Amino acid sequence: MSLATEIKFTLNGRPVAVRVPVTMKTLTMLRDLLGLTGTKYACGEGECGACTVKVDGKTLNSCLMHAVDCDGREVVTIEGLKTPEGMNPMQRAFVDHGAVQCGFCMPGMIMQADYLVGENPNLTREDAQRGLEGNLCRCTGYTKVLDAVGSVVEQKCCGRC
Amino acid sequence: MEQKVATPIEKKTLIGSRVKKPDAADKATGKTRYINDMVLPQMLIGKVLFAGRPHAKIVSIDVSAAERLPGVHAVLTGKDAAGLKFGFVRDNVPLKEKVLCEHDEIAAVAADTEEIALKALELIKVEYEDLPAVFSPEAGREASAPQLRENFPDNKSLRFEFKHGDLATAEAASDFIADNIFRPHHVTHCCMGTSCAIADFDNNGKLTIWTQTQYPYNYKMDLAPALGIAPGDIRVIQPPVGGAFGSKLDVYPYEPIAALLARKTGRPVKVIYSREEEFKASPTRQAAIIHMRTGCTRDGTLTFRSADVLLDNGAYTSWGPTIPVIMMRTTSGHYRVPVVDFQAQAIYTNNPYAGSFRGYGNVQTTFATAQQMDILADQVDIDPLAFHLKNAQKSGEVTPQKSFLRECVLAECLETAARASDYSRKRAAYAAERGKPGRYKKGIGLASSIHNAGGAKIHKSDGIGTILKVDDYARVTVITGASEIGQGIDAVINLIVAEELGVPLEHITIINNDSDIAPWDVGVHASRTTFIAGNGTRRAARKAKAQILKAAEKMLGEPAAALELRGGSVVRDQCGTPLIKLDRLLRQMHFQAEPELVMVTDYYEPNSQPEGADHVSDHSAAYSHAVHIAEITVDTLTGEIKVDKITSAQDVGRVINRMGLEAQTEGGIAIGLGYALSENMQLEGGMLKNPCFRDYKLITAPEMPELEMHFIESHCAEGPYGAKGVSELPTIVIAPAIANALFNATGVRIFNPPLSPEKVARAIHETRQGGN
Amino acid sequence: MQDIKTYLSPRGIDEAVRAMAAGDVTVFCGGTDLSPQVESGARQYTATLMNIRRVEGMSGIAEAGNLVRIGALTTVTEIRRDPLVARVASILAEAAEHFASDQIRNAASLGGNICNASPAGDMINPLLVLDAEVELARWQDGAVATRRVAMADFFLAPRQTAKRDGELLTAVFFARPATNFVACFRKSGPRPALEISTVSVGIGGRLDNGVFRDVRVAMGSVAPTPLRARHVEAALEGKRLDADGILAAVAAAKTDAKPIDDVRASAWYREHLVQVFTEEVLNHVLGN
């Protein structure tokens with residue numbers, strides 16, 4: 001119905017080529033065309049962060065981003081955070097600290113938390129609170145999320161000193 | 001049998017430890033397939049046409065263009081659902097022939113894609129004739145109000161009453177009476193995963209419905225009349241859900257709509273809401289007008305409490321207007337109240353309608369009772385802590401409604417929270433600062449509440465079925481009626497099984513999402529699941545253990561009473577010496593001359609009494625209290641309240657899974673904070689003006705205060721290992737604690753939540769104008 | 001919705017404005033404003049959809065003589081972290097700090113925020129205080145032509161700007177403020193950022209031995225467009241910034257603000273906040 005165009009980009013480290021309607025959002029492309037359902041729809045307006053993905057190293061709301069805008073870029077989703085050894089440290093920390101309840105917001109929350117720690121290895125709890133303000137969670141009250149983020153910061157610090 | 005010298009296995013308990021949710025890793029990696037993510041072969045997408053007006057006659061509806069659109073497989077309207085009445089008082093149908101509220105479902109389409117379905121909705125032509133409408137229960141009571149429902153004169157829906165003692169005498173004996181009108185507002189659950197159902201009929205007319213329900217068994221009974229089929233012909237499958245919080249404790253129209261579309265097309269149909277639809281078409285927390293009066297004598301002894309409650313029923317009757325069942329328990333049981341007079345009347349309006357929501361009725365009532373405790377303490381002129389302590393019940397007391405407070409540690413909760421936060425000193429100091437100049441004011445507020453903590457026998461039964469098997473590899477499968485909606489019963493069940501059977505947590509599998517497999521349970525509500533399912537699991541595990549140890553006795557020649565299961569082995573209880581690996585024993589049991597498998601069943605029914613028409617019964621197997629102390633800073637110019645710290649002390653009976661308990665408490669507090677400070681469904685003429693997260697404000701990470709949580713262990717005789725239910729109290733107590741803190745800081749009291757910046761600023765501004 | 005006939009992703013300003021001259025073009029970049037507006041039906045896509053992300057020469061922050069130039073595609077995150085902005089126009093960084101959420105800041109472009117022309121547009125307020133100009137490019141006589149419009153004259157009505165059909169906002173310019181220039185920004189909302197501002201107030205000027213000069217005051221969400229508060233400016237210009245001066249400015253703020261009731265706040269509250277913030281921001285200015 002809508003005009004479509006082919007785009008090529010890197011998705012979780014692998015090249016992909018896909019034909020997308022020009023009005024389609026990245027979230028829909030990921031979920032409906034590429035089968036990556038880890039990225040969630042929860043508001044469609046950039047208000048909740050459940051659809052957070054990393055594009056060229058920066059997190060954004062995939063529900064707002066046109067899929068065509070992925071062309072030539074590097075996209076990482078929650079599925080791409082996993083390493084060959086298993087969960088990445090942020091995912092592991094969320095599990096260990098009991099930050100996951102219904103878990104629906106967690107892919108987005110973890111993407112953003114991982115990004116924050118990557119940007120600022122000395123992230124304070126207050127920085128993390130600010131950095132996660134675009135990620136809504138109805139279950140946890142964020143407390144265990146912040147504990148988890150704090151533990152990853154601590155690990156990183158210890159690794160360096 | 002060969003004997004090796006084996007290292008003894010020490011006795012270690014898991015009770016009170018920190019156990020991870022077994023589904024957390026899949027959720028954290030995006031692997032979990034939620035219902036929202038599910039796609040079935042041949043599946044169609046269903047979309048619903050909402051009325052978008054509060055009250056109207058449907059003059060005509062023309063779906064012919066929609067039906068002709070390529071890719072559309074079915075279009076249904078009210079005619080197709082005529083007579084399919086469902087709901088608490090059978091006042092709802094899946095698709096309407098008359099409009100009674102904004103989100104009334106007028107038509108539904110099943111199409112190949114969502115895009116086509118949406119286009120088809122646009123092609124449906126409806127001609128409405130708008131009718132005079134009712135937007136508040138007060139207006140609905142007026143003689144001049146239009147009657148909204150044929151069988152409900154004066155727009156009266158449900159009514160509840162409870163009276164105990166002589167009110168006039170008690171009033172006369174009171175030196176002080178607090179008399180206020182509280183107006184708890186409309187809020188909604190905001191589950192991050194929007195509402196979704198997938199329905200599919202087989203050729204024998206049996207329905208399979210994948211849905212987010214948190215009460216799969218009674219759900220069948222409630223869904224059946226909406227489809228005109230037998231409850232037994234419904235199979236309910238519960239894939240992982242993005243939250244529920246009470247919103248999925250009833251059947252809502254999108255579920256039968258999915259099923260009606262599936263029946264019509266012969267294909268699976270998925271209905272899923274957008275966020276805007278979720279805001280508009282989901283149940284709300286019950287809005288109410290509570291006229292409460294509480295009296296006490298000069299020495300601070302409570303004399304009576306009365307509540308005259310008017311409920312905004314909305315257009316249909318779901319669980320919302322039944323909240324008086326709990327409201328009256330709080331009115332009569334929150335502190336020792338000798339005389340009680342409670343009445344509640346629900347009035348039909350053209351507003352959205354309420355379901356159940358974490359804290360069910362008690363959030364609203366405690367907002368009133370806990371503020372009146374603060375108001376009365378000031379009237380008597382004693383420290384609220386002393387006032388609370390004076391009226392706090394003790395273990396063994398019985399409330400006027402016959403709630404038996406077998407283990408009651410209210411006083412300990414009060415003292416713990418007050419001590420930890422330095423409450424009395426700070427309250428006096430902040431009150432002294434109140435009149436002095438300065439933009440930012442600090443305040444501290446204390447609130448407590450009582451809630452059922454051992455289920456609530458609102459049905460004939462409050463029980464649960466459990467099936468437990470241990471296979472040849474010593475892997476345990478628990479097949480239970482207990483639903484998992486994110487709250488963490490999975491971790492609790494794992495912990496209990498591991499505790500009883502001495503197997504590793506990773507060796508336990510829970511099957512609890514298919515009504516054709518798992519046995520009956522009432523559902524996840526009333527803070528009951530750890531209590532009820534915990535007991536059920538423990539009993540089943542103990543039966544399995546008895547069977548295993550009996551077999552061990554036979555094989556090892558040692559008395560079963562002297563044996564234990566620990567670390568995956570049968571051990572001597574006294575010294576811990578392992579005698580045989582559990583899996584080996586199980587295989588021997590299986591392959592012996594008289595073979596046996598370990599598979600046990602249990603049905604647990606708590607020793608509570610059904611809620612009767614007179615509302616006098618011990619309806620829960622346990623009751624519990626929580627105290628919250630809120631410390632806040634108020635910007636008296638902008639009206640912004642910053643919550644600096646919450647100190648909580650809650651009777652949890654016994655800590656089972658500490659991590660899960662903390663998580664439930666933290667999350668409950670966050671929902672309570674949103675209710676207190678920012679969440680508000682802005683309804684104008686029955687229409688929701690803020691159906692988005694931009695304008696409906698959930699609490700965000702930066703707004704979370706510091707939390708100091710104290711878990712008081714009262715060791716409940718009936719609860720599993722002494723535990724009580726915990727989930728709702730944290731949500732219940734927070735708003736009045738903040739309201740009391742606001743008064744302490746500013747001298748301003750707000751009776752209609754949320755305590756939004758504008759409301760606070762205006763109240764302070766008006767007080768100052770008045771003062772000048 | 002009209003069917004989209006063409007999708008373009010131009011590399012140069014010339015290519016972009018040429019396409020815009022030819023017809024009805026919907027321009028997008030981060031999509032943070034456009035996507036929800038299309039979703040809600042408030043806006044429709046037109047026949048041509050143009051992604052300007054790859055247009056060269058429209059990104060980045062640089063000094064050109066006495067001017068600071070910020071390309072329209074510069075994201076709010078880039079502004080928030082830019083050392084030059086922090087040094088010479090910290091009010092802009094301050095507004096960026098309080099802009100939506102991290103994910104939106106990473107995607108939202110400055111040009112988009114300005115063209116969206118919301119009375120609550122958070123980056124607009126500090127740019128008004130900095131007396132910025134926007135650069136508008138168009139295709140004319142076979143070449144790119146540009147003109148500049150002062151931000152103060154740019155906003156005509158809700159969602160309406162002085163940008164004509166066929167024009168593309170390519171950059172924002174402002175004069176490097178004097179060394180004694182001080183400016184502060186305040187927006188309301190209990191949340192640090194994720195908040196469509198109920199009210200915002202930005203004030204800047206040179207503090208010359210206690211006397212406030214070249215005063216510019218901007219207000220958001222108190223009128224149909226972001227506005228320069230001329231009465232407050234007049235009350236402050238050339239005056240000592242003391243208690244009386246501040247009082248006069250607060251009184252004038254009431255005259256400038258023409259707020260309405262809406263779902264986010266009542267007119268009373270907005271008018272109240274404008275006064276509170278005017279006083280607060282002036283006290284901050286004084287403190288600096």
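**The contact between domains 2 and 3 of chain C**

Analyst: In this predicted model, the C-alpha centres of domain 2 of chain C and domain 3 of chain C are 21 Å apart. Domain 2 contributes 25 residues to the contact and domain 3 contributes 27 residues. The domain assignment places domain 2 of chain C at 61-175 and domain 3 at 183-287, with domain 1 covering 6-51.

Between them, domain 2 and domain 3 of chain C bury about 1900 Å², and carbon and sulfur atoms give 60% of that area. On the domain 2 side, C:Pro119, C:Asn125 and C:Val129 account for 30% of the area buried against domain 3, more than any other three residues.

The side chains of C:Asp131 and C:Arg228 form a salt bridge, with an N to O distance of 3.4 Å. Nine residue pairs, both members at pLDDT 80 or more, are in polar contact across the interface of domain 2 and domain 3 of chain C.

As for secondary structure, α5 (90-97), α8 (124-129) and β8 (155-157) of chain C each supply at least two residues of the side of domain 2 that touches domain 3. Of the elements on that side, α8(C) gives the most, with five residues. By class, the side of domain 2 of chain C that touches domain 3 consists of 16 nonpolar, four polar and five charged residues.

Note on methods. Residues are numbered from 1 along each chain as its sequence is written. Chains are lettered from A and ligands numbered from 1 in the order in which they are written. This is a predicted model: local features need pLDDT of at least 70, side-chain atom pairs count only at pLDDT 80 or more; totals for chains, interfaces and linings use all residues. Side-chain values use heavy atoms; hydrogens and water are left out. Domain bounds come from an automatic or database domain assignment. Contact means heavy atoms within 4.5 Å. Buried area is the accessible area (1.4 Å probe) that two parts lose on being put together, summed over both. A salt bridge is a side-chain nitrogen of Lys or Arg within 4 Å of a carboxyl oxygen of Asp or Glu. A polar contact is a pair of N or O atoms within 3.5 Å; within protein, one must be able to donate a hydrogen and the other to accept it, and residues adjacent in sequence count only if both atoms are side-chain atoms. Helices (H or I, at least four residues) and strands (E, at least two) are DSSP runs, numbered from the N terminus. Ala, Val, Leu, Ile, Met, Phe, Trp, Tyr, Cys and Pro count as nonpolar, Asp, Glu, Lys and Arg as charged, and the others, Gly among them, as polar.
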